[in-house]
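Dear colleague,

Here is the structure I promised to pass on to you. Please open it alongside this message, as the notes below are meant to be read with it in view.

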Amino acid sequence: MVSVPVQCPHCHSTEVIKAGKQANGTQRYQCQNGQCERRIFLLQYQDRGRIPEIRRQVVDMAVNGSGIRDTARVLRISPTTVIAVLKKSSHASTRQPHVAPSSSTRRPCPRPATARRRA
Ligand SMILES: [Zn+2]
């Protein structure tokens, strides 16, 4: 008999127990690490939108200015999944406040004099 250690995809702890099955029959696992924010995970996801690596890429692409449909096409997930991932991640991540563009860099440009219309 060969036993393969199951690792938590979040904290990489091997203190993992079986936690029932999905509706489609795949084994679910539960992380026993108290500090880990991820509890239930699967070894093999059927749904690409559930893979932690894909979800990270969704957030990365959004940060780099990709649109919902861009991201969906590149990562081969649905646009609704992209939106769902972004909604969830905005709660989890500690956001830095946006730095407002300083007014000193914007110079008021003098408007070129327009030809006066004849009356
Ligand atoms: Zn964990």
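This is a predicted model: local features need pLDDT of at least 70, side-chain atom pairs count only at pLDDT 80 or more; totals for chains, interfaces and linings use all residues.

Residues are numbered from 1 along each chain as its sequence is written, and side-chain values use heavy atoms, with hydrogens and water left out.

The secondary structure of the protein comes to three helices and three strands, where helices (H or I, at least four residues) and strands (E, at least two) are DSSP runs numbered from the N terminus. Read along the sequence, these elements follow the pattern β-β-β-α-α-α. Of the 119 residues of the protein, 18% count as buried, a word that stands for under 20% relative accessible area, while exposed stands for over 50% and partly exposed for what lies in between (1.4 Å probe, protein chains only).

The zinc site

The zinc ion is coordinated by the SG atoms of Cys8, Cys11, Cys31 and Cys36, at 2.2 to 2.4 Å. Donors here are N, O and S atoms within 2.8 Å of the metal (3.2 Å for Na, K and Ca), and since water is not among the atoms, sites may look incomplete. The angles among the four donor atoms run from 102 to 116°, and the site is tetrahedral; four donors count as tetrahedral if all angles lie between 85 and 135 degrees. In sequence, the donor residues of the zinc ion are spaced C-x2-C-x19-C-x4-C. Distant parts of the chain are linked by the pair of cysteine 11, in the segment before β1 (16–21), and cysteine 36, in the loop between β2 (27–31) and β3 (40–42), which are 25 residues apart. Cysteine 11 is partly exposed, with a relative accessible area of 27%, whereas cysteine 36 is buried, with a relative accessible area of 6%. Histidine 12 is also found in the segment before β1, and its phi is near 60°, a positive value in a residue other than glycine.

The sheet

The three strands form an open sheet in the order β1-β2-β3, with antiparallel pairing, and two strands are said to pair if DSSP finds at least two bridges between them. The edge strands are β1 and β3, each of which pairs on one side only. Neighbouring strands of this sheet are turned by 40° against each other on average, direction ignored; the axes behind that angle are lines fitted to C-alpha atoms, for helices over the stretch in contact, and angles run from 0 to 180 degrees between N-to-C directions.

β1 and β2 pair in the antiparallel sense over four bridges. Among the bridge partners in β2, glutamine 30 belongs to isoleucine 17, tyrosine 29 to lysine 18 and glutamine 27 to lysine 21. The hairpin of β1 and β2 has five residues between the strands, and glycine 25 takes a positive phi near 100° there.

The helices

The twelve residues of helix α1 (residues 52–63) should span 16 Å at 1.5 Å a residue, and its end C-alpha atoms are 17 Å apart, which agrees; the expected span is 1.5 Å times one less than the number of residues. The buried residues of α1 are Ile54, Val58 and Met61. Seen down the axis of α1, these buried residues fall within an arc of 75°, so they line one face of the helix, the arc being that of the directions from the helix axis to the C-beta atoms. α1 is followed by glycine 65, whose phi is positive, near 90°.

Arginine 76, in the loop between α2 (68–75) and α3, is exposed, with a relative accessible area of 60%, and its phi is near 55°, a positive value in a residue other than glycine. Serine 90 has its place in helix α3 (residues 79–92) and counts as partly exposed at 30% relative accessibility. The C-alpha atoms of serine 90 and valine 59, which are 31 residues apart along the chain, are separated by 9.1 Å.

How values were computed. Four donors count as tetrahedral if all angles lie between 85 and 135 degrees; four count as square planar and six as octahedral if opposite donors are over 155 degrees apart and all others between 65 and 115; anything else is irregular.
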